[in-house]
Amino acid sequence: MNNVIISKVLANKALSQSVSIVPKRCKVNKPKSAGFTLIEVMLAMAIFAIAGVALISSADTHFRHLSYIETKMMANWVASNQLVEATLDKSWPPKNNKKGKVELAGREWFWMQKVLKTTDQNMKAISVEIRLDKAKETSLASLTTYLVKEAK
């Protein structure tokens, strides 16, 4: 009987050793990947593309507004110069619907002077409108000043 028990123990030991030699599941130890997946790369590219388009659009809008502001500023300079000329002109009453063109900063500016009546006979309002195109109805700038008839 001892032989039977010893043989069973040896059989169990051999069985357990054979089981441990053959693994139940084969695992390959791969090193963990340090790169990005294709989806992650495509998502990042999409985000940068959208940000780039937004940046270019913003820069374009900024440039257009800056150009418009520059044009308005120069139109105001032309109007101011024309009002100074009207102020220096000593003739009374000032001429109405006077028109002309001036060159400033490499552009031609068209101006029109309008004289408006006031409640005082010795005072007139002079308004100068500036356009880049003679045919346009809307003006880029309009300035007004008042002139007083000098006492003699």
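This is a predicted model: local features need pLDDT of at least 70, side-chain atom pairs count only at pLDDT 80 or more; totals for chains, interfaces and linings use all residues.
V128 of strand β3 is the bridge partner of Q113. Residues are numbered from 1 along each chain as its sequence is written, and side-chain values use heavy atoms, with hydrogens and water left out.

**Exercise 1.** State which elements the protein chain contains and in what order they run.

*Solution.* Step one is the assignment: helices (H or I, at least four residues) and strands (E, at least two) are DSSP runs numbered from the N terminus. Step two is the count, which gives 2 helices and 4 strands. Step three is the order from the N terminus, α-α-β-β-β-β.

**Exercise 2.** Describe how β2 pairs with β1 and with β3.

*Solution.* Two strands pair if DSSP finds at least two bridges between them. Strand β1 (residues 98-104) is antiparallel to β2, with 7 bridges. Within this pair, E108 of β2 stands opposite E103. The hairpin of β1 and β2 has 2 residues between the strands, and A105 there adopts a positive phi near 60°. On β3, β2 again finds an antiparallel partner, over 8 bridges; the hairpin that joins β2 to β3 runs through 5 residues.

**Exercise 3.** Identify the residues of the largest nonpolar core that touch the most other members.

*Solution.* A nonpolar core is a set of buried Ala, Val, Leu, Ile, Met, Phe, Trp, Tyr and Cys residues joined through side-chain atoms within 4.5 Å. Buried means under 20% relative accessible area, exposed over 50%, and partly exposed in between (1.4 Å probe, protein chains only). The largest core has 15 residues, and A75, W109, I126, V128 and I130 touch the most other members. At least two core residues come from each of α2 (38-88), β2 (107-117), β3 (123-131) and β4 (141-148). With 6 residues, α2 gives the most. In soluble globular proteins, nonpolar side chains tend to be buried together.

**Exercise 4.** Determine whether T71 is buried or exposed, and list its contacts.

*Solution.* T71 belongs to helix α2. Because its relative accessibility is 10%, T71 counts as buried. Contact means heavy atoms within 4.5 Å. Residues up to four places away in sequence aside, T71 touches R107, W109, L132 and L140. With neighbours within four places likewise left out, A75 is in contact with W109, I130, L140 and A141.
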